[in-house]
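This briefing presents a predicted model. Please look at the sequence and the structure before reading the points grouped below.

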Amino acid sequence: MAQVTLETNGSVCPFPLVEAKEAMTTLTSGDELVIHFDCTQATDAIPRWAAESGYPVTDFSKRGPAEWSITVQKA
Amino acid sequence: MLISGLLVGLALGFVMQRGRFCVTGAFRDVWVTRNTRWLTAFLVVVAVQSVGIFALDAAGVITLQAEAFPWLATIVGGFIFGFAIVLAGGCATGTYYRAGEGLVGSWLALISYALFAAIMKTGPLTGFNTSMRSVTVEQSNFYSVLGISPWLLVAVLVAAVALAVRHHLAKPKFAMAALPASKTGLAHLLFEKPWNAFATAVVIGLIATVAWPLSWATGREDGLGITTPSSKLVSYLVTGDAELVDWGVYLVIGILLGSFIAAKGSGEFRVRVPDAATAVKSLGGGALMGIGAALAGGCTIGNAMVQTAQFTFQGWTALVFMILGTGVAAKLTIMNRRPAPAAAPRIPVGV
């Protein structure tokens with residue numbers, strides 16, 4: 001089980017989600033992807049994608065003003 | 001009362017920021033993720049406003065006018081605008097509200113968009129714009145050509161949109177991860193809680209409806225609009241001619257302030273500087289947005305949301321070509337984008 005961090009701060013939507021989807025394909029089941037992002041729309045788009053894909057979200061937090069982190073586990 | 005423009009703008013900017021209401025995203029999702037959730041929300045705005053404005057028209061509060069349909073400029077401009085909003089990372093209103101969130105890329109897109117709208121409307125490209133928009137057909141809207149009551153079209157639109165919303169709400173419920181709450185009561189509702197897309201759309205539809213009589217009362221006989229007011233704002237800033245500052249100019253300033261208040265209040269404001277490539281895309285996208293919107297006679301708001309609610313050919317033609325332009329740009333810049341250099345080989349995944 002590995003944890004991979006994807007840094008997307010500075011990239012605007014939809015790129016954080018696009019990059020997260022790409023990164024997810026390189027992981028194996030049980031691995032966790034930590035996505036750092038600062039695009040507001042992704043606070044809706046990323047957890048929605050995780051839920052629709054059946055990936056559990058093990059952490060979702062606000063790191064600071066307009067800065068978030070979400071941890072999605074590959075199921 | 002020009003100040004009502006500022007208040008409507010404040011409300012609109014606030015609701016769009018909190019609701020994450022992004023028309024570019026709505027059009028883009030149709031192509032990139034084959035999802036119509038946000039497009040449906042967008043059409044909810046059109047439907048709500050359509051009911052509202054035909055009721056206001058029937059009550060004699062406003063009088064909807066029929067103008068010739070500049071088909072060539074609408075097709076070309078709509079496509080250019082749709083393409084441009086993907087580059088700029090937001091449509092006209094989206095750019096205003098992201099500028100209010102502190103995204104410097106959106107500041108660049110906004111300045112470029114407003115400048116090029118002014119160049120097309122009152123500057124050196126006025127002749128080009130006017131000649132493009134002079135290619136017209138006399139028929140202006142669906143109900144007069146069909147010889148039916150507009151209310152029949154309102155009913156069809158409302159029914160179709162209601163079915164689409166039901167389709168999206170009927171999807172199996174899944175638990176979506178949420179941020180831990182740190183506020184309570186009204187503060188939680190206004191500055192923290194994620195807003196439902198369709199509820200947000202109804203609120204925007206009501207704001208768009210109220211905009212009509214308020215703007216009308218000041219002599220500006222129109223609903224929400226972004227491009228002409230942005231162009232007038234630029235002209236005012238360089239000429240000092242206060243006559244140019246109408247209800248619409250107050251509206252766009254209000255959107256910027258409203259989104260800033262929403263973002264600041266919810267801890268979502270931060271000055272964010274883009275990388276060089278994004279900065280160039282924002283500037284170029286903004287310029288094309290100004291050109292496209294001026295040609296088409298409006299942006300995603302003025303055309304795709306306000307003209308459509310009146311069932312004009314211009315509005316629906318612009319909407320279709322904006323979505324097509326968005327599709328081409330999404331294909332080129334998102335779906336076919338070069339993979340990151342260090343990325344491992346990928347297998348295709350279903351969405």
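The buried residues of helix 5 of chain B are covered by several elements of chain B, including helix 1 (3-19), helix 4 (71-88), helix 6 (104-121), helix 12, helix 13 (247-265) and helix 14 (276-296).

**Helix 5 of chain B**

- Helix 5 of chain B spans residues 92-100 and is mostly covered, with nine of its nine residues buried.
- The buried residues of this helix are A92(B), T93(B), G94(B), T95(B), Y96(B), Y97(B), R98(B), A99(B) and G100(B).
- Just after helix 5 of chain B comes G102(B), where phi is positive at about 100 degrees.

**S235(B) in helix 12**

- Helix 12 of chain B, one of the elements that cover helix 5, runs over residues 227-239 and contains S235(B).
- S235(B) counts as buried because its relative accessibility is 11%, and the cut-off for buried is under 20%.
- When residues up to four places away in sequence are not counted, S235(B) touches T122(B), G240(B) and L244(B).

**Q49(B) in helix 3**

- Helix 3 of chain B (residues 37-58) holds Q49(B).
- Is Q49(B) buried or exposed? With a relative accessible area of 0%, Q49(B) is buried.
- The side chain of Q49(B) makes a polar contact of 3.3 Å with the side chain of W212(B).
- The side chain of Q49(B) also reaches the backbone oxygen of M305(B), at 2.7 Å.
- Leaving aside residues up to four places away in sequence, Q49(B) touches G205(B), A208(B), T209(B), W212(B), M305(B), V306(B) and A309(B).

**Backbone features in loops**

- R34(B) is not a glycine, yet its phi is positive, at about 55 degrees.
- R34(B) belongs to the loop between helix 2 (23-32) and helix 3 of chain B. Its relative accessible area is 64%, so R34(B) is exposed.
- F311(B), likewise a residue other than glycine, has a positive phi near 60 degrees.
- The loop between helix 15 (302-307) and helix 16 (313-335) of chain B contains F311(B). Its relative accessible area is 4%, so F311(B) is buried.
- In chain A, the peptide bond that joins C13(A) and P14(A) is cis, with omega about 10 degrees.
- P14(A) sits in the loop between strand 1 (3-7) and helix 1 of chain A.

**Chain A as a whole**

- How many helices and strands does chain A have? Its secondary structure comes to two helices and four strands.
- Read from the N terminus, these elements follow the order β-α-β-α-β-β.
- Taken along the principal axes, the C-alpha atoms of chain A fill a box of roughly 30 × 20 × 20 Å.
- Of the 75 residues in chain A, 64% are buried.
- Among the contacts in chain A with a separation of 6 or more, 62% are between residues 24 or more positions apart.

- The size of an interface is often given as the accessible area lost when the parts come together.
- Between chain A and chain B, the buried area is about 2,800 Å², and carbon and sulfur atoms give 57% of that area.
- T25(A), Q41(A) and R48(A) supply 20% of the area that chain A buries against chain B, more than any other three residues.
- Chain A contributes 28 residues to the contact, and chain B contributes 31 residues.
- Across this interface, the rule finds one salt bridge. The salt bridge is between the side chains of R270(B) and D38(A), at 3.2 Å from N to O.
- Eleven residue pairs in polar contact are also found across the interface.
- Helix 1 (15-25), helix 2 (42-53), strand 3 (57-64) and strand 4 (67-73) of chain A each supply at least two residues of the side that touches chain B.
- By class, this side of chain A has twelve nonpolar, seven polar and nine charged residues.

How values were computed. Residues are numbered from 1 along each chain as its sequence is written. Chains are lettered from A and ligands numbered from 1 in the order in which they are written. This is a predicted model: local features need pLDDT of at least 70, side-chain atom pairs count only at pLDDT 80 or more; totals for chains, interfaces and linings use all residues. Side-chain values use heavy atoms; hydrogens and water are left out. Buried means under 20% relative accessible area, exposed over 50%, partly exposed in between (1.4 Å probe, protein chains only). Contact means heavy atoms within 4.5 Å. Buried area is the accessible area (1.4 Å probe) that two parts lose on being put together, summed over both. A salt bridge is a side-chain nitrogen of Lys or Arg within 4 Å of a carboxyl oxygen of Asp or Glu. A polar contact is a pair of N or O atoms within 3.5 Å; within protein, one must be able to donate a hydrogen and the other to accept it, and residues adjacent in sequence count only if both atoms are side-chain atoms. Ala, Val, Leu, Ile, Met, Phe, Trp, Tyr, Cys and Pro count as nonpolar, Asp, Glu, Lys and Arg as charged, and the others, Gly among them, as polar.
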